[in-house]
Amino acid sequence: MSIYPELNWVTLEKGNINSFFNDYRPAIGPDGKAVVFERISYSPELRTLVTKLFIVHDLNKSSPQLFLADCDFPQQTRPAWTGNAIVLNLEQEGRLAVWTVDASGNNLKQIENTEHCNYPQWAIDPSFEGFVVMNNKKSLHQPQPHSTLFDVDGNRIIANMNGKDTNGNMVFGGMPAVFPDNPRSIAFAGQSSADGSYNQEENYIFLNIENGEEFLSVPMESSASLEHFDKHFQGRAPAISPDGNYIAFESNRDGGYALYLFNLNKPENGAVQLTDSTVKLNAQHPKFFPDGSRLIFSAVPPGHVHNCIAWMDISVYL
């Protein structure tokens, strides 16, 4: 009997183990019924062609449809959904920026000053609306990448939300997640800049803490060493629960990529593994449902080749 939660497949094409689609980076809608995700289309001769956003309106009756029917950008990636608005990345001819669109796929709008910014995540409280991005813009004063807070008009509010670690080294910051009702507080995939290099496979999950006018960043798992990378604490793509008490993330700390859950109120319990890392599921990019009791994510179904979208109930762990 499996010790892990049951996986419920949303975009699995039964009987077609060599599907020419790879589904990735889902964003769940506010009703918990619809999901927007990346679909990479393959050709047996040409391999990767384009990445487009698709939508499934009912998780129980999967029928993926093209989301941005009138958008000709060949690379449509990294959606995040709140209310009736979706923020995403569009890229054409190497030019990438942050855009917003409504949940029906209309009113597409580019956000000013967001070139080379990716992984946009909504940052909303009663008096502010904007988003945090992984900023890859070259800067003499910031590590690359770093996390930046923008308002919805593209005004830069905080240039670098990652700051320094407890050794005084600047921190590389990517794949941000924003705590509910606190746009200045994030979890992110990061690492110390002590040796000046960035390797996305050597990230921990970090939390930022306001320290006067600056930020201090600390590993979520306190035993993670800042002196050298310890794979036992590797983590990427954090997602924060709607109540702000849990962080779900992906990690290859125990073999292949799997999903883990961390209780911020009981850090001494450590991270709980949610999916099997030994059967090549390649589970990645979790997001919480609005009710906080389920996760939607991307994984490879057993016996298949490419990723599909799936969800699981994690209420027993909460």
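Author: On a 1 Å grid over the protein atoms alone, a pocket is an open set of points where a 1.4 Å probe fits, with protein on both sides within 12 Å along at least five of seven lines; its lining residues have an atom within 4 Å of a point. This is a predicted model, where local features need pLDDT of at least 70 and side-chain atom pairs 80 or more, while totals for chains, interfaces and linings use all residues. Residues are numbered from 1 along each chain as its sequence is written, and side-chain values use heavy atoms, without hydrogens and water.

Reader: How many residues line the second largest pocket, and which lie nearest its centre?

Author: There are 15, with Gln191, Ser192, Leu226, His228 and Phe229 nearest the centre. β15 (186–192) and β16 (204–211) each give two or more residues to this lining; strands are DSSP runs (E, at least two residues), numbered from the N terminus. The most come from β15, which gives three.

Reader: What does β15 pair with?

Author: Pairing requires at least two DSSP bridges between two strands. β15 runs antiparallel to β14, over six bridges.

Reader: Which strands supply the lining of the largest pocket?

Author: β2 (21–28), β6 (75–82), β10 (117–125), β14 (171–178), β18 (236–240) and β22 (284–288) each supply at least two residues.

Conventions. Helix = DSSP H or I, 4+ residues; strand = E, 2+ residues; numbered from the N terminus.
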